[in-house]
Amino acid sequence: MTHYTAFEGTQITAAGDMAAMIAAQRAAIVRGINLLIFDDATGQVRDVDLRDAPPPTRGRPKMGVKAREVTLLPRHWTWLSEQRGGASAALRRLVEDEMRRTAHQKDPKAARNAAYAFLSAIAGDLPHYEDALRHLFADKPDDFAAIATKWPNDIYRYAMRLAGWSDRVMAE
């Protein structure tokens, strides 16, 4: 499932799936505001066309589930059967958690490109923007953070997360 983050100016106002983004955008429009919504995997701005958004539905969503075989030891099956929602739900949660945790660990170049896409859309007018980008592409997280910590906190933290450096986020 694709995850998104919505910004109102320099503040994160919502995070979640596309349905959450549609709800956030609808709420913002009532206040006369248009959110910037970013794809957490690519850092790209995503447009939300509220005319095409289906109305909320009841019942279980169609998830495109595919049945496949999984081979586990008996103790694994025992543990899974004791989990909330059963084995399938527990496995989905474990996989989703791991996917989120390792989203940018496999490809540092993709992580830097995602951070660049985000920063180019929202941070171009911030002080020392070009210097920060040089440090981003030189893979110098401490030097990047030294500049970006002076920017609005949500922009700094989200850029660090996209770059795969969220473990290095400095306190303000």
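This is a predicted model: local features need pLDDT of at least 70, side-chain atom pairs count only at pLDDT 80 or more; totals for chains, interfaces and linings use all residues.
1. Asp40 counts as buried, with a relative accessibility of 12%, a value under the 20% cut-off for that class.

2. The partner of Asp40 is Arg161, with which Asp40 forms a salt bridge whose closest N and O atoms are 3.8 Å apart. The two residues come from distant parts of the chain, 121 residues apart: Arg161 belongs to helix H7 (residues 153-162), while Asp40 lies in the loop between S3 and strand S4 (45-46). Arg161 is partly exposed, at 37% relative accessibility.

3. In total, the structure holds 3 salt bridges. In general, side chains of opposite charge can pair when their charged atoms come close. Another of these bridges joins the side chains of Glu8 and Arg31, at 2.9 Å from N to O. This pair also links distant parts of the chain, with Glu8 in strand S1 (residues 4-8) and Arg31, 23 residues away, in the loop between helix H1 (18-30) and strand S3 (36-39). Glu8 is partly exposed, its relative accessible area being 23%.

4. A further salt bridge connects the side chains of Asp131 and Arg134, at 2.6 Å from N to O. Because these residues are 3 places apart in helix H5 (residues 129-137), about one helical turn separates them. Asp131 counts as partly exposed at 30% relative accessibility, whereas Arg134 counts as exposed at 54%.

5. Gln25 is placed in helix H1 and is buried, with 4% relative accessibility. Beyond its neighbours within four places in sequence, Gln25 is in contact with Ile33, Asn34, Leu35, Ile37 and Leu50.

6. The largest nonpolar core has 26 residues, of which Phe118, Leu119, Ala123, Leu136, Phe144, Trp151 and Ile155 touch the most other members. Two or more residues each come from helix H4 (108-122), H5, helix H6 (141-148) and H7. The greatest contribution is that of H7, with 6 residues. As a general matter, nonpolar side chains tend to be buried together in soluble globular proteins.

7. Which residues does Leu136 touch, not counting those up to four places away in sequence? They are Arg112, Ala115, Tyr116, Leu119, Phe144, Ala163 and Trp165. A second, separate core has 10 residues, including Tyr4, Ala6, Ala24 and Leu35. Leu35 is also one of the residues in contact with Gln25.

Note on methods
Residues are numbered from 1 along each chain as its sequence is written. Side-chain values use heavy atoms; hydrogens and water are left out. A salt bridge is a side-chain nitrogen of Lys or Arg within 4 Å of a carboxyl oxygen of Asp or Glu. Helices (H or I, at least four residues) and strands (E, at least two) are DSSP runs, numbered from the N terminus. Buried means under 20% relative accessible area, exposed over 50%, partly exposed in between (1.4 Å probe, protein chains only). Contact means heavy atoms within 4.5 Å. A nonpolar core is a set of buried Ala, Val, Leu, Ile, Met, Phe, Trp, Tyr and Cys residues joined through side-chain atoms within 4.5 Å.
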